[in-house]
Amino acid sequence: MAFYLWDAVQCTYVLLSIIFNALFVIILRKYKKEFSGEFFNLCISQAVADFGQLFFGLFVFKLPCYGWYFDDLLLVYAKGWLPKVLMCIIWMFTTAQVIGMLNLAANRYTALAKPTDYSTIWGGNTVLYCILAHWLIPAIYVAPILFVGVHVERNNASDYVTFYFTDKTVENIYYGTVTAFAMILGNCTVLVLYCLAFYKALAYRRKISSSTSSTTAQTHTAANHTEVKLAVCGFSAFCMVFIYAILMLFTYIAMDNGNDQQATILQKIRGLLMDIYSSMNPITLFIMSSKVREKFGELLHLSKPMKTKSAVTEVSKSYATSPRHRNQSTPNLAMLSTSLNYLPSPANPSTRKLSEAYSRL
């Protein structure tokens with residue numbers, strides 16, 4: 001049984017990532033009032049794709065490839081239906097990850113580059129259409145795998161189990177399209193969207209700070225900062241898959257040059273980067289969002305639910321305990337209204353978006 005330290009560490013990381021991703025989806029669904037909005041709906045869909053890639057990647061490819069866990073069963077059905085179904089599933093989740101990454105990048109670009117049009121663009125059924133595309137396109141893409149030859153064999157030298165297409169033409173088509181559209185076109189599109197989004201966010205912050213009052217500028221800057229933090233979460237995951245694409249190119253070059261040792265090392269690093277990419281989105285949200293950390297603690301019973309007091313209660317309490325008004329039973333409503341003027345009004349669509357942005361993190 002060929003099971004090396006690198007493989008053991010990687011499998012342990014993947015197993016922990018599977019658990020973390022599952023908890024992340026549970027939190028977004030259980031506390032959907034706190035995590036409402038288009039971005040988090042897209043995050044749920046992407047988290048499912050990440051979970052599927054990690055789960056099937058571990059139990060269908062990694063562990064059997066390392067000579068452990070139902071590899072004999074795979075070899076019994078080496079030329080039957082089982083390898084086709086398993087390869088179909090893992091390719092679907094991998095393709096869905098790329099489309100989900102595009103969805104998140106488009107959402108963040110709109111929020112930062114076109115904040116006034118965000119509700120119009122992402123209102124209605126836009127999120128629903130994006131989620132349908134997230135899963136229908138991969139399903140259509142991988143369906144032909146069920147009708148072509150997929151074979152499994154054991155490498156007697158390493159004891160590893162390998163999946164491959166029996167028809168080289170089919171193999172070239174699938175790996176070629178993944179390389180061209182997912183790794184090159186998809187990555188370049190996402191990179192451009194994030195670069196434009198961060199540039200527009202910086203320009204917007206400078207414009208607000210120079211053209212409005214200090215109170216209004218602070219309000220808009222805080223909302224802009226929240227949107228930037230959400231964009232950083234998606235961009236950090238993209239960085240992993242971008243490096244993965246570069247290493248894939250170098251792996252192909254090493255294989256063409258007959259440098260098998262270098263190609264093997266690059267393949268192991270690529271596999272680790274893909275696993276990190278699949279777990280990066282919930283990890284970065286956990287690091288950057290205090291609300292996500294709070295809900296993780298509540299779900300695991302590591303912390304008590306935080307009770308938030310309304311702004312009206314806080315202002316009334318402050319007013320009642322002040323030396324000047326301590327003996328008055330009821331605060332002046334005009335003063336109370338004045339004290340709350342700085343808060344976004346839910347009735348105003350432009351300020352409602354700011355209020356929603358505050359509630360995300």
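## Helix α6

Helix α6 covers residues 126–142, and its 17 residues should span 24 Å at 1.5 Å a residue; the end C-alpha atoms lie 25 Å apart, which agrees. The expected span is 1.5 Å times one less than the number of residues. Helices here are DSSP runs of H or I with at least four residues, numbered from the N terminus.

The buried residues of α6 are V127, C130, H134, P138 and V142, where buried means under 20% relative accessible area with a 1.4 Å probe, protein chains only.

## Basis of the model

This is a predicted model, in which local features need pLDDT of at least 70 and side-chain atom pairs count only at pLDDT 80 or more, while totals for chains, interfaces and linings use all residues. Residues are numbered from 1 along each chain as its sequence is written, and side-chain values use heavy atoms, with hydrogens and water left out.

## Packing of α4 on α6

The axes of α6 and helix α4 (residues 81–113) come within 8 Å and cross at roughly 145 degrees. Axes are lines fitted to C-alpha atoms over the stretch in contact, with angles from 0 to 180 degrees between N-to-C directions.

Residues of α4 in contact (heavy atoms within 4.5 Å) with α6 include W91, F93 and I99; on the α6 side, H134, W135 and Y141 are among them.

## Cysteines

The structure has zero disulfides, a disulfide being a pair of cysteine sulfur atoms within 2.5 Å. The sulfur of C43 is 7.7 Å from its closest cysteine sulfur, in C233, which is too far for a bond. C43 is buried at 0% relative accessibility, and C233 is buried at 2%.

Technical notes
Buried means under 20% relative accessible area, exposed over 50%, partly exposed in between (1.4 Å probe, protein chains only). Helices (H or I, at least four residues) and strands (E, at least two) are DSSP runs, numbered from the N terminus.
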